[in-house]
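Me: Hi! I have a protein model open and I'd like to talk it through with you. Can we take it one piece at a time?

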Amino acid sequence: MELCGFIRRKSAPVTDFEKIPVGKNIFDLPEKPDGAIITVPSRFVEPIEEKLLEAGVFTVDCFDIHEKLPEMRKRLNVSAEKGNVSCVVGAGWDPGLDSVIRTLMSAAFPQGKIHTNSPMQAPEVHLLRPV
């Protein structure tokens, strides 16, 4: 895997990565990437991710608005099928790693009590792949 570009509001080079292209849009880069890590606030993730998936770019996001995850996953699955790619949804801290740890602890201590802000108790890192 090789870093092929940064997307930023300002098209200024990134410190220590001056030779890596920078654009305001992924489609500004000299070559289309195979994958993208989406690092924007959650409320902006879905429209960006839909365009990338439909363009055939694999994605990973850290979307963390728990109550909106189920519906977003359904919509992103449609986009992933169009682009014949897959995406990882909710791969941040919570949902994400914290959810996985919470599930492991539930399996290890089934009589234990779970405290979470999430309405869903199961791991919430979701892999979407066109069938």
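Me: How do the axes of α1 and α2 cross, and within what distance do they come?
Reply: The axes of α1 and α2 cross at roughly 20° and come within 7 Å. Axes here are lines fitted to C-alpha atoms, for helices over the stretch in contact, and angles run from 0 to 180 degrees between N-to-C directions. Before we go on, this is a predicted model: local features need pLDDT of at least 70, side-chain atom pairs count only at pLDDT 80 or more, and totals for chains, interfaces and linings use all residues. Residues are numbered from 1 along each chain as its sequence is written, and side-chain values use heavy atoms, with hydrogens and water left out.

Me: OK, so what do we call that arrangement of α1 and α2?
Reply: Roughly parallel. Angles under 35 degrees get that label, over 145 is roughly antiparallel, 65 to 115 is roughly perpendicular, and the rest are oblique.

Me: Which residues meet there?
Reply: From α1 you have V45, E46, E49, E50, L53 and E54, and they meet M72, R75, L76, S79, A80, K82 and G83 of α2. Contact means heavy atoms within 4.5 Å. By class, this contact has five nonpolar, two polar and six charged residues. For those classes, Ala, Val, Leu, Ile, Met, Phe, Trp, Tyr, Cys and Pro are nonpolar, Asp, Glu, Lys and Arg are charged, and the others, Gly among them, are polar.

Me: Zooming out, how many helices and strands are there?
Reply: Three helices and six strands, in the order β-β-β-α-β-α-β-α-β along the sequence. Both are DSSP runs numbered from the N terminus: helices are H or I with at least four residues, strands are E with at least two.

Me: And what share of the residues is buried?
Reply: Of the 131 residues, 31% count as buried. Buried means under 20% relative accessible area, exposed means over 50%, and partly exposed is in between (1.4 Å probe, protein chains only).

Me: Which residues touch the most other members of the largest nonpolar core?
Reply: L52, L53, M72, L76 and V89, out of 16 residues in that core. The elements giving two or more residues to this core are β3 (35-38), α1 (42-54), α2 (69-83) and β5 (87-89). The largest share, four residues, comes from α2. A nonpolar core is a set of buried Ala, Val, Leu, Ile, Met, Phe, Trp, Tyr and Cys residues joined through side-chain atoms within 4.5 Å.

Me: I clicked on T59. Is T59 buried or exposed?
Reply: Buried, with a relative accessible area of 2%. T59 sits in strand β4 (residues 58-61). Not counting residues up to four places away in sequence, T59 touches A36, I38, E49, L52, L53, S86, C87 and V88.

Me: New topic: what is phi at D16?
Reply: About 75°, a positive value although D16 is not a glycine. Most residues other than glycine have a negative phi. D16 lies in the loop between β1 and β2 (22-23) and is exposed, at 67% relative accessible area.

Me: What about phi of N84?
Reply: Phi of N84 is near 55°, also positive in a residue other than glycine. N84 is in the loop between α2 and β5, and at 60% relative accessibility N84 counts as exposed.
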